[in-house]
2 protein chains.
Amino acid sequence: MADVAPRRQPTLDEVAERAGVSRSVASRALNNAPHVSRAKREAVERAVRQLGYVPNPTARALATRQTGAAALVVSGEDPSIFADPFYAQVIVGASSALEEADLHLMLCLAASDRGRKRVRELFRSKGADGVMLMALREDDPLAAVAEEAEMPVVFGGRPVGSTPRWYVDVDNVGGAREATEYLVSRGRTRVAAICGRLDTEAGRARYRGYRDALLAAGLEPLPPQEGDFTEPSGAAAMAVLLAHHPDVDGVFAANDNMAAGALRTLRSAGRAVPADIAVVGFDDLTVAQVADPPLTTVHQPITALGREMARMLVAVVNGHDPTPLILPTRLVVRTSA
Amino acid sequence: MADVAPRRQPTLDEVAERAGVSRSVASRALNNAPHVSRAKREAVERAVRQLGYVPNPTARALATRQTGAAALVVSGEDPSIFADPFYAQVIVGASSALEEADLHLMLCLAASDRGRKRVRELFRSKGADGVMLMALREDDPLAAVAEEAEMPVVFGGRPVGSTPRWYVDVDNVGGAREATEYLVSRGRTRVAAICGRLDTEAGRARYRGYRDALLAAGLEPLPPQEGDFTEPSGAAAMAVLLAHHPDVDGVFAANDNMAAGALRTLRSAGRAVPADIAVVGFDDLTVAQVADPPLTTVHQPITALGREMARMLVAVVNGHDPTPLILPTRLVVRTSA
DNA sequence: CCTGATCTTGGGAGCGCTCCCACTGGAAGC
DNA sequence: GCTTCCAGTGGGAGCGCTCCCAAGATCAGG
């Protein structure tokens with residue numbers, strides 16, 4: 001058995017006693033609220049130092065009805081979705097913004113039924129001061145949970161088919177359009193799309209951008225070749241594309257992972273990139289730089305996405321009503337197109 | 001201003017009243033503890049359902065002195081360390097194990113001074129039931145914090161220069177040795193090492209494994225060419241290596257990111273891989289599969305690492321004293337060596 | 001010197017839950 | 001028939017904090 005040190009933490013009452021003041025005064029001094037004389041304030045500070053007092057966050061949470069934590073919920077059918085480096089960057093951004101507001105970050109991967117149930121419980125029990133919700137799919141069970149929740153919810157990316165009150169998104173349509181326009185501007189005329197899951201808003205929006213651009217250029221869009229945002233699915237989609245449309249000379253992939261997969265298929269099929277086929281990705285993750293050839297891709301400000309989500313959530317928690325935010329993308333030209 | 005729905009949650013007292021029992025009985029029924037008659041148990045369940053009652057986790061935490069949360073703390077000088085997909089996989093594993101124990105996951109990136117201060121506060125205020133601590137460097141300020149903490153701490157990877165009571169690590173020495181032995185077995189005689197930060201135990205251990213293998217084969221190890229586990233640092237290290245030891249015919253990189261960087265440098269230097277130089281990585285992340293040529297690398301069970309850390313922590317929290325764990329690695333042969 | 005306004009102060013009532021404990025009544029043991 | 005035991009029950013005292021409020025202290029203005 002582990003020997004648990006049973007020494008109890010000092011409480012606010014003990015601090016107060018030691019400082020020769022009442023609990024109320026000690027509490028006020030601690031939260032540097034007004035109505036505390038300089039002398040007592042200092043006495044409290046001294047007692048805190050001597051006793052090594054640290055306030056008990058749980059007790060404070062119970063009294064104030066604020067947990068001091070914000071949750072980041074990532075939906076998905078299986079946990080592997082979270083392995084996408086995308087989320088790590090979101091977390092970096094969110095974490096820094098929450099740090100400023102002195103909130104803790106709870107991370108919930110709502111992949112299993114059990115996980116979803118726990119998220120539901122979290123919502124209903126108000127186990128956090130607010131929630132950032134990402135990666136919702138069409139008919140996602142979490143959508144309803146968020147709906148009925150009496151808790152601030154900020155969406156990362158819009159859910160399919162509805163526009164929530166608070167969200168931060170990236171200009172998916174614009175980014176995809178720009179990427180496709182670029183392919184067209186380089187003289188590509190048979191441009192295909194390897195799109196992401198079409199039960200996600202990002203997947204749909206990026207296909208829409210691709211489609212818009214081709215139509216505007218008087219070219220014919222190909223039907224969506226659907227992947228699931230993973231490298232293997234991109235490789236597979238590229239293989240199908242090559243089989244059905246051997247004359248394709250440009251590919252817009254809805255993210256870098258799938259673009260990397262496409263590159264792999266093209267390599268083994270002996271097609272030169274970008275000479276025979278140009279490839280553009282989306283995200284601008286590390287994989288885009290490491291790929292061979294380095295990927296021309298649509299950069300999206302992922303860390304900023306996380307940061308802004310957290311900031312927006314903090315604003316809502318503090319009683320404000322911020323306006324939704326759509327972050328810009330920009331095309332990063334490398335070698336693949 | 002956001003309109004906050006002020007409807008209060010039902011409390012246990014209300015459930016008890018509705019069910020016609022005392023608060024004690026209701027509590028026992030809820031936690032399905034013994035000493036509750038079947039009739040009352042059902043009455044309570046009914047009341048819970050009718051009222052839509054959900055227990056208040058904060059109040060429970062205060063009463064039981066258990067927060068119901070475990071923290072994963074990732075140390076580091078700047079947040080970018082967390083962008084490594086490695087941590088995402090650790091989280092997937094930890095999350096699933098914590099889910100089983102019905103604990104929430106708090107994520108703390110202790111990159112800034114502010115972040116470290118908050119972690120310290122977390123430790124001192126017992127803001128979590130236990131902590132998983134990763135990526136400690138030599139003289140890491142968090143080491144002291146963890147030391148004085150009266151809280152279960154499980155380390156992910158050993159810290160430099162000390163062996164904590166509870167940790168889960170990967171067989172870094174063995175993995176590096178196997179990788180290097182493989183290079184030697186393929187006839188490579190001038191094998192260099194691009195090692196990770198030598199102020200981390202993983203960085204040191206992997207270099208040690210490399211060194212051991214060469215010495216055992218009667219070959220001369222080269223001095224460590226230090227990187228920081230990032231792709232650019234691997235590229236830079238490879239460039240230095242090429243300049244100082246033009247005759248190198250094999251490289252062991254301490255992780256896949258750096259191996260990918262090395263590949264990039266070799267490509268632009270016109271060296272063929274593996275014909276001229278063989279390259280082996282470590283981690284077996286997605287990048288290893290996507291790299292060109294696909295990386296031969298040392299696979300480490302990262303998700304299992306996270307899972308076992310969480311399980312170990314749960315064991316400690318429950319008063320047990322589990323023994324440290326060292327997870328095996330295995331060489332995955334692809335094309336680069 | 002008195003009145004009212006303002007600042008300090010501490011008592012006490014929660015926040016919503018767990019858990020100890022004293023009490024009941026019926027089954028079991030002698 | 002009488003203890004003995006124990007499942008079942010509810011009262012009450014916390015857990016450690018915040019915050020309302022009444023009361024005392026201080027100070028200005030008239």
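Helices (H or I, at least four residues) and strands (E, at least two) are DSSP runs, numbered from the N terminus. One such helix, α4(B), is followed by B:Arg65, whose phi is positive, near 60°. This is a predicted model, in which local features need pLDDT of at least 70 and side-chain atom pairs count only at pLDDT 80 or more, while totals for chains, interfaces and linings use all residues. Residues are numbered from 1 along each chain as its sequence is written, chains are lettered from A and ligands numbered from 1 in the order in which they are written, and side-chain values use heavy atoms, with hydrogens and water left out.

**DNA strand C**

- 27 residues surround DNA strand C (near means a heavy atom within 4 Å). The closest are A:Ser24, A:Arg28, B:Leu12, B:Arg23 and B:Tyr53.
- By class, this surface has ten nonpolar, ten polar and seven charged residues. Here Ala, Val, Leu, Ile, Met, Phe, Trp, Tyr, Cys and Pro count as nonpolar, Asp, Glu, Lys and Arg as charged, and the others, Gly among them, as polar.
- Sugar or phosphate accounts for 58% of the atoms of DNA strand C within 4 Å of the protein. The rest belong to bases.
- A polar contact is a pair of N or O atoms within 3.5 Å; within protein, one must be able to donate a hydrogen and the other to accept it, and residues adjacent in sequence count only if both atoms are side-chain atoms.
- The side chain of A:Arg23 places an N or O atom 3.1 Å from a base oxygen of DNA strand C.
- Backbone atoms take part too. An N or O atom of the A:Ser37 backbone lies 2.9 Å from a phosphate oxygen of DNA strand C.
- B:Asn56 has another contact, at the start of α4(B). A side-chain oxygen of B:Asn56 reaches to within 2.8 Å of the backbone nitrogen of B:Thr58.

**DNA strand D**

- DNA strand D has 27 residues around it. A:Leu12, A:Arg23, A:Tyr53, B:Ser24 and B:Arg28 come nearest.
- The surface near DNA strand D has ten nonpolar, ten polar and seven charged residues.
- Of the atoms of DNA strand D within 4 Å of the protein, 62% are in sugar or phosphate, and the rest are in bases.
- α2 (23–30) and α4 (57–64) of chain A each supply at least two residues of this surface, as do α2 (23–30) and α4 (57–64) of chain B.
- A polar side-chain atom of A:Ser27 is 2.7 Å from a phosphate oxygen of DNA strand D.
- Two side chains of chain B reach base oxygens of DNA strand D, with polar atoms of B:Ser24 at 2.6 Å and of B:Arg28 at 2.9 Å.

**Salt bridges**

- There are 38 salt bridges over all chains. Each is a side-chain nitrogen of Lys or Arg within 4 Å of a carboxyl oxygen of Asp or Glu.
- A:Asp283 and A:Arg206 meet in one of them (4.0 Å, N to O). A:Asp283 is in strand β9 (residues 278–283) and A:Arg206 in helix α9 (residues 201–216) of chain A, 77 residues apart.
- Both partners are buried (under 20% relative accessible area; exposed is over 50%, partly exposed in between; 1.4 Å probe, protein chains only). A:Asp283 has 4% relative accessibility and A:Arg206 has 7%.
- A:Asp292 forms a salt bridge with B:Arg267, with the closest N and O atoms 3.8 Å apart. A:Asp292 lies in the loop between α12 (286–290) and β10 (296–299) of chain A and B:Arg267 in helix α11 (residues 256–268) of chain B, so the pair joins two chains.
- A:Asp292 is partly exposed at 22%, and B:Arg267 is partly exposed at 31%.
- A:Glu77, A:Arg197 and A:Asp199 are linked in a network of salt bridges.

**Aromatic rings**

- The whole structure holds eight aromatic pairs over all chains. Rings of Phe, Tyr and Trp (its six-membered ring) pair if their centres lie within 6.5 Å; planes under 30 degrees apart count as stacked, over 60 as edge-to-face and the rest as tilted.
- The rings of B:Phe86 and B:Tyr87 have centres 5.2 Å apart and planes at 85°, so this pair is edge-to-face.
- B:Phe252 and B:Phe282 are also edge-to-face, because their planes stand at 70°, with ring centres 6.4 Å apart. B:Phe252 in strand β8 (residues 250–253) and B:Phe282 in strand β9 of chain B are 30 residues apart. Both are buried.
- Ring pairs link A:Phe82, A:Phe86 and A:Tyr87 into a cluster.
- The charged end of A:Arg206 sits over the ring of A:Phe282, 3.9 Å from its centre. This needs NZ of Lys or CZ of Arg within 6 Å of the ring centre and within 35 degrees of the ring normal.
- In chain B, the charged end of B:Arg206 sits over the ring of B:Phe282, 3.9 Å from its centre.
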